[in-house]
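This report concerns the fold and selected local features of one protein chain. The sequence and the structure are shown first.

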Amino acid sequence: MARAKRPVTVAGIEFDALISEEHGYEATVPEYAVESGFSVSDAIIHGAETLNMVLYVTDTPVTWRNHSGRGRVEQVTKRLEELYYAAEPVTIVTSDATYTSMAIENLTISKSAEVGYAREIPISFRKIRITTARTATIPASYGKSGRFCRHGQHVQREQRTLRLR
C-alpha cells in the first residue's frame with residue numbers, strides 16, 4: 001500500500017489513519033412468472049454503493065503533526081455525533097478517491113485499553129441518490145379511447161397532467 005499523501009476526511013474532519021476500507025455493491029434482478037411456469041428477468045437494478053471504514057484518531061498523531069492537541073479525540077467524536085444526528089449527506093476524501101452524497105448509516109465510538117486515549121471508529125456510509133420531479137402532459141388519447149358516458153351524456157375526455165419522479 002502506498003503511503004497516503006493526505007489524511008482521510010469525513011465532512012472536513014481529519015483522521016490520523018485509515019485502518020480499513022471496504023466497498024460494497026449490490027444489485028437486484030427482479031423475476032416475473034410467465035404462463036409456461038418459468039421466471040424471466042429483464043432488468044438489473046443497482047442498489048446504493050456502501051463504504052465501510054475503520055478510522056483512527058488520537059491526541060498525539062505521528063502522521064499529521066500539525067493536528068495534535070489535547071482534547072482532539074473528544075472534539076472529533078463530538079463532531080461525528082453531530083454529523084450523524086444532522087442526517088445530511090457528507091463528502092469523504094481518502095488518498096484513493098472522493099465519495100460525495102454519502103449518508104452515515106452506522107457509527108460506533110468506543111473506548112478500549114488497547115488504544116488508550118485514541119479511538120478506532122468503525123463507520124458505515126451509503127450513497128444517496130437524489131431525484132428531481134418532472135411534469136409531463138399526457139394527451140387524452142393515451143387514456144381510454146373515445147368518449148365516455150356520464151349520466152347519459154357523452155363527454156370528451158380531457159387532458160391530464162401527471163407528476164413523474
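The text below treats the sheet, the core, the salt bridges, the backbone and the surface in turn.

The model is predicted. Seven strands make up an open sheet with antiparallel pairing, in the order S2-S1-S9-S10-S11-S8-S3.

Leu55 has Ile121 in S11 as its bridge partner. S10 and S11 are also paired in the antiparallel sense, over five bridges, and Asn106 stands opposite Ser124 in S11. Strand S1 (residues 9-10) is joined to S9 by two bridges, and these strands run antiparallel. Thr9 has Val93 in S9 as its bridge partner.

**The nonpolar core**

The largest nonpolar core comprises 21 residues, and those with the most contacts inside it are Val10, Phe15, Met53, Leu80, Ile92, Ile123 and Phe125. Two or more residues of this core come from each of strand S8 (50-57), helix H1 (72-86), strand S9 (90-93), strand S10 (98-107) and strand S11 (119-127).

Which residues are in contact with Ile123, leaving aside its neighbours within four places in sequence? They are Leu51, Asn52, Met53, Leu55, Leu80, Ile104, Asn106 and Leu107.

**Salt bridges**

Side chains of opposite charge can pair when their charged atoms come close. Three salt bridges are found in a search of the whole structure, and they are listed here.

| Salt bridge | N to O distance |
|---|---|
| Asp16 and Arg72 | 3.0 Å |
| Glu82 and Lys78 | 4.0 Å |
| Arg126 and Glu105 | 2.6 Å |

The salt bridge of Asp16 with Arg72 links distant parts of the chain: Asp16 is in the loop between S2 and S3, whereas Arg72 is in helix H1, 56 residues apart. Are these two residues buried or exposed? Asp16 and Arg72 are both buried.

Arg126 and Glu105 also meet in a salt bridge. This pair likewise links distant parts of the chain, with Arg126 in strand S11 and Glu105 in strand S10, 21 residues apart. Arg126 has a relative accessible area of 33% and is therefore partly exposed; Glu105, at 41%, is also partly exposed.

The pair Glu82 and Lys78 lies within helix H1; because these residues are four residues apart, about one helical turn separates them. Glu82 is partly exposed, with a relative accessible area of 45%, whereas Lys78 is exposed at 52%.

**Backbone and surface**

Most residues other than glycine have a negative phi. Ala11, although not a glycine, has a positive phi of about 50°. Ala11 belongs to the loop between S1 and S2 and is partly exposed, at 33% relative accessibility. Ala87 is also a residue other than glycine with a positive phi, near 55°. Ala87 is located in the loop between H1 and S9 and, at 65% relative accessibility, counts as exposed.

Tyr32, Val34, Phe38 and Val40 together make a nonpolar surface patch of about 380 Å². Phe38 lies in the loop between strand S5 (32-33) and strand S6 (39-40). Why does Phe38 count as exposed? Phe38 has a relative accessible area of 58%, and exposed means over 50%.

Methods. Residues are numbered from 1 along each chain as its sequence is written. This is a predicted model: local features need pLDDT of at least 70, side-chain atom pairs count only at pLDDT 80 or more; totals for chains, interfaces and linings use all residues. Side-chain values use heavy atoms; hydrogens and water are left out. Patches are made of residues with over 30% relative accessible area and no salt bridge: like charges are joined within 9 Å, nonpolar side chains (Val, Leu, Ile, Met, Phe, Trp, Tyr) within 5 Å. Accessible areas come from the Shrake-Rupley method with a 1.4 Å probe; for residues, only the protein chains shown count as cover. A salt bridge is a side-chain nitrogen of Lys or Arg within 4 Å of a carboxyl oxygen of Asp or Glu. Buried means under 20% relative accessible area, exposed over 50%, partly exposed in between (1.4 Å probe, protein chains only). A nonpolar core is a set of buried Ala, Val, Leu, Ile, Met, Phe, Trp, Tyr and Cys residues joined through side-chain atoms within 4.5 Å. Contact means heavy atoms within 4.5 Å. Two strands pair if DSSP finds at least two bridges between them.
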